[in-house]
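Subject: Structure handover and findings

Hello,

Please keep it open while you read on.

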Amino acid sequence: MPKEISTICRGIAWGDISLAVLDTTALVNEAIRRHRLSPVAAAALGRTFTAAAYLCSWLKSEESTLSVSVAGGGPGGKISVSGDGALRMRGFIEHPDVVLPPRADGKLDVGGLVGRNGTLTVVRDDGEKFPFVGTSPLVSGEIAEDFSSYFYYSEQRPTAIALGVRIGKEGTCLGAGGVFLQPFPGAQEEHIIRAEEEIKKYASISRIIQEEGISSILARFEAETESERPIRFCCSCSREKAARAVLSLGKEEAERIAREDGGIAVHCHECNTDHRFSPEEIEKLFDGEVI
């Protein structure tokens, strides 16, 4: 049965390798529900959600923010995911209903959906004067390899990554998550090599998450849980923000649109929500009333 809560657990592997294991099944199912994702779109967005949640777990405060965009020129279009230090995540894929045939090995063709001719960009704002912006070329469009390349070239942190999303016949996510291994400064070379070799065993990480859970993965790395945090889908949009967007149109333009369309709908791409205002409500907005 699919999990109800997404989590990230941290530990230390072999004494000198930072380990993070994420179960993002619930997060992916919420994205599927909101955006009506095709299986391959769910896999692409879900992998990006998992990597972005890991990045958000490093933010300095709950108010710090981070955004990830993946633009590879594929039929799925751009992927955009945002979050904060409290691990409140949101995001979307530009074309959520695209369907592609599976790869030769039977797996979902995430690389074909995302494309390989483009970039992965991370913007991190920890409240300092200038946000950090890191960009790296896509390697495969399969997301895990692309984030591994990003960590190495943009943040100079070698990182072994496994990501996976398993979609059932009914279109729901049965298991999703990831494993991230980063050596601490001075880590033994044999442990670094071991981490690189171990990550290759997690090609079916989503199945392991579904059938065994996070604790079994920690045990495989001889690690104990040092911290555990929940991850949830939570959009920053609101009716109040949407009302400000209506006001920014100006009274004349807003009333014209309302007359022609029977009202105004302010759409949030990140959570696929329409904030609707009737002509009467628009009139009240411009009269200074709170609705």
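Below are the ground rules, then the findings by region.

This is a predicted model: local features need pLDDT of at least 70, side-chain atom pairs count only at pLDDT 80 or more, and totals for chains, interfaces and linings use all residues. Residues are numbered from 1 along each chain as its sequence is written, and side-chain values use heavy atoms, with hydrogens and water left out.

Helices and strands are DSSP runs, numbered from the N terminus (helices: H or I, at least four residues; strands: E, at least two).

**Helix α2**

Helix α2 covers residues 39–56, 18 residues in total. At 1.5 Å a residue it should span 26 Å. The expected span is 1.5 Å times one less than the number of residues. The end C-alpha atoms are 25 Å apart, which agrees.

Is α2 enclosed or open? It is largely enclosed by the rest of the structure, because 17 of its 18 residues are buried. Buried means under 20% relative accessible area, exposed means over 50%, and partly exposed is in between (1.4 Å probe, protein chains only).

L55 lies in α2. It is buried, at 3% relative accessibility. Leaving aside neighbours within four places in sequence, L55 contacts L66, V68, V122, F147, F151 and E155. Contact means heavy atoms within 4.5 Å. For scale, L55 and S204 are 149 residues apart in sequence and 22 Å apart in space, C-alpha to C-alpha.

S80 sits in strand β4, residues 79–84. S80 is buried, with 15% relative accessibility. Not counting residues up to four places away in sequence, S80 touches V68, R90, G91 and F92. V68 is also on the contact list of L55.

L87 is in the loop between β4 and β5 (88–93). Its phi is near 60 degrees, a positive value in a residue other than glycine. L87 is buried, with a relative accessible area of 0%.

E222 is exposed, at 54% relative accessibility.

**Helices α9 and α10**

Two packed helices are described by the angle between their axes and the distance between the axes. Helix α9 (residues 251–261) and helix α10 (residues 279–286) pack at about 170 degrees, with axes 10 Å apart. That makes α9 roughly antiparallel to α10. Axes are lines fitted to C-alpha atoms, for helices over the stretch in contact, and angles run from 0 to 180 degrees between N-to-C directions. Under 35 degrees counts as roughly parallel, over 145 as roughly antiparallel, 65 to 115 as roughly perpendicular, and the rest as oblique.

Which residues meet? K251, A254 and A258 in α9 meet P279, I282 and F286 in α10. By class, this contact has 5 nonpolar, no polar and 1 charged residues. Ala, Val, Leu, Ile, Met, Phe, Trp, Tyr, Cys and Pro count as nonpolar, Asp, Glu, Lys and Arg as charged, and the others, Gly among them, as polar.

**Aromatic rings**

The whole structure holds 8 aromatic pairs. One of them, Y152 with Y153, is edge-to-face: 5.0 Å centre to centre, 85 degrees between the planes. Rings of Phe, Tyr and Trp (its six-membered ring) pair if their centres lie within 6.5 Å; planes under 30 degrees apart count as stacked, over 60 as edge-to-face, and the rest as tilted. Y152 is partly exposed at 46%, and Y153 is exposed at 58%.

Y54, W58, Y150, F151 and F180 form one aromatic cluster.

Best wishes
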